Amino acid sequence: MAKLHFKDEDKTIDIQVGQNILEAALANEIDLDHACGGVCACSTCHIKIREGFDLFPEAEEEEEDQLDDARDIELCSRLACQCTLQEETDQVIEVEIPLWNVNLVQEGPDAAHQAH
Ligand code: FES
């Protein structure tokens, strides 16, 4: 089982071969946005893979099209729901959630708190 480190949250989780980054994040209570439910129809699960980028298959055209609409993209940008781990590795995969998306996640608990 490989390790996935979310830089901003400083949290390391497991990811299995055949599992994508979004699935691994949600299974470990990392609130990564995923408006379309993981079917490559939005760009809200945008992440940046700082280490281990080559462990995932190349982005297909559909993903590239969605990333074109994402904010703050870099060469290491991917959609978390499209990054399925292909093979076992000892390398820790380093992932960053773009700042604008982190802000949305952080607004969640505050908004919930205000409602009570
Ligand atoms: S959740 Fe919509 S593209 Fe990944």
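I began with the surroundings of V95 and found that, leaving out residues up to four places away in sequence, V95 touches L4, H5, F6, K7, I21, I47, I49 and R50, where contact requires C-beta atoms, placed from the backbone, within 7 Å. The model is a predicted one, in which local features need pLDDT of at least 70, side-chain atom pairs count only at pLDDT 80 or more, and totals for chains, interfaces and linings use all residues. My numbering starts from 1 along each chain as its sequence is written.

I placed V95 in strand β5, strands (E, at least two residues) and helices (H or I, at least four) being DSSP runs numbered from the N terminus. V95 counts as buried because it has 28 C-beta neighbours inside 10 Å, the threshold being 20 or more, with exposed at 12 or fewer and partly exposed in between. I also noted that V95 and I49 are 46 residues apart in sequence, yet 4.6 Å apart in space, C-alpha to C-alpha.

Next I looked up the sheet, which is open and has five strands in the order β2-β1-β5-β3-β4 with mixed pairing, where two strands pair if DSSP finds at least two bridges between them. β2 and β4 (77-79) stand at the edges with a single partner strand each, so one side of each has no neighbour in the sheet. I recorded that β3 and β5 pair in the antiparallel sense over three bridges, and that the bridge partner of K48 in β5 is E96.

Finally I returned to L4, which touches T12, I13, I15, I21, A24, I93 and V95, again not counting residues up to four places away in sequence.

Methods: Contact = placed C-beta atoms within 7 Å.
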